[in-house]
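Please open the model in a viewer and keep the selection tool at hand.

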Amino acid sequence: MEWIGAGTLLVWLWLLLGQGFFWRTDVRLPPRRDPERWPSVAVVVPARDEAGVLPASLPSLLAQKYPGRAEVFLVDDGSTDGTAALARSLAAERGGLALTVTAPGEPEPGWTGKLWAVRHGMTLARERVDPEYLLLTDADITHEPDSLRELVAAARSARLDLVSQMARLRVATPWERLIVPAFVYFFAQLYPFRRVNRPGARTAAAAGGCVLLRREAAERAGVPECIRHAVIDDVSLARAVQSAGGRIWLGLAERVDSVRPYPRLAELWRMVSRSAYAQLRHQPLLLLGTVLGLALVYLAPPVALLAGVALGDPRAAVPGGAAWAVMAGTFCPMLRYYRQPLWTAVLLPFTALLYLLMTVDSAVQHHRGRGAAWKGRTYGAP
């Protein structure tokens, strides 16, 4: 048993050194200054059955205080809950930026619904606005009034082709408080923000809820056509832009929030499991490696500690406890970002167990033909 505790401690030390202290995350946008001329921007919002969140999110986009020309294009992706009518009503009531509501019809074969909607919105925006930048944002995302201005200023100042902020997700219920910070924490381990943001880096990622994309870079990369089948479209978008020579930046948001509720474990489970196996490229060997890795890194430390205490074996208890303490310490900055009690960091092994089970369930659902299901649509492996 002692080798388990010692082994997990060594793994954690290796992770800290190899990942460059991965728990440190960039929150603030790159240093920025106002451009002499503010470029035109088209805000593209794909929306499918989003009537429940639009009253909070859409007015925040229409109320953007942007010095240049900006228009909002909401693309209704086959909604059955009155999303389009509600959007028009909100625009008439609240005013602000010009809003165009459009519908592309059902996606062609090989396209996901969201990317089909994005394609339609980008095409219409080119005809109406001829934008230099595109803000791709989800229908559940709220923006502070200066959000667009800050994103554009950062992109221009740092000469970035893609600037993405991971919106702060809702943490109102006990299950959201337990799972959401860990969701972002695990994402930051897979795609360390500082590594993504390093010039010339090979790691690429973005957060689909808030992506400012230079139109020229999008056309050079051939998006969204080149990623039309992608379930994890944000990471695929970042890879395409980076592969085409574009510079990207990813960080956490302070003034961009998601209002989508996940009140119960079932909703959170579906959020993770619908794309977890796609993240592993539908490869059984990657699934096996992920399960073993999660078990070794997150579950073995408490097992070694508890077993060492029960058996009176300090050779297992001490390194197991030390590895658990290091693990909890790396989680604390994310808890602080989400304004959660730091003592809950000790629950990370339990949350990791849930994520392990969600990942396995994602693979099971895929092989049953129900993988990557979202609002009535199911996508298999491309």
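How many cavities of 30 Å³ or more does the structure hold? The structure holds 2 of them. A cavity is a set of points, on a 1 Å grid over the protein atoms alone, where a 1.4 Å probe fits but cannot get out; lining residues have an atom within 4 Å of a point. A volume is the space filled by probe spheres set on the points, which are joined across faces, edges and corners.

This is a predicted model, in which local features need pLDDT of at least 70 and side-chain atom pairs count only at pLDDT 80 or more, while totals for chains, interfaces and linings use all residues. Residues are numbered from 1 along each chain as its sequence is written, and side-chain values use heavy atoms, with hydrogens and water left out.

**First stop: the largest cavity**

Select Leu115, Val118, Leu136, Asp233 and Leu237, the closest to the centre of the largest cavity among its 18 lining residues. The space here is about 140 Å³. Helix 4 gives the most to this lining, with 4 residues. Helices (H or I, at least four residues) and strands (E, at least two) are DSSP runs, numbered from the N terminus. The lining of the largest cavity divides into 12 nonpolar, 2 polar and 4 charged residues. Here Ala, Val, Leu, Ile, Met, Phe, Trp, Tyr, Cys and Pro count as nonpolar, Asp, Glu, Lys and Arg as charged, and the others, Gly among them, as polar.

**Second stop: the second largest cavity**

Next, select Ser273, Arg274, Tyr277, Ala278, His282, Ser362, His366, Gly371, Ala372 and Tyr379, which line the second largest cavity. Its volume is about 40 Å³. Helix 10 (265–279) and helix 13 (348–367) each supply at least two lining residues, and helix 10 has the largest share, 4 residues.

Now display helix 11 with helix 13, whose axes lie 9 Å apart at an angle of about 165 degrees. Axes are lines fitted to C-alpha atoms over the stretch in contact, and angles run from 0 to 180 degrees between N-to-C directions. Helix 11 is therefore roughly antiparallel to helix 13, a term for angles over 145 degrees. Residues in contact (heavy atoms within 4.5 Å) include Leu287 and Val291 of helix 11 and Leu348 and Pro349 of helix 13.

**Last stop: helix 11 and helix 12**

Finally, select residues 284–311 and 314–337, helix 11 and helix 12, whose axes come within 7 Å and cross at roughly 140 degrees. The residues of this contact comprise 12 nonpolar, 3 polar and no charged.

Note on methods
1 Å grid on protein atoms, 1.4 Å probe; cavity = no way out; pocket = protein on both sides within 12 Å on 5 of 7 lines; lining within 4 Å. Parallel < 35°, antiparallel > 145°, perpendicular 65-115°, else oblique.
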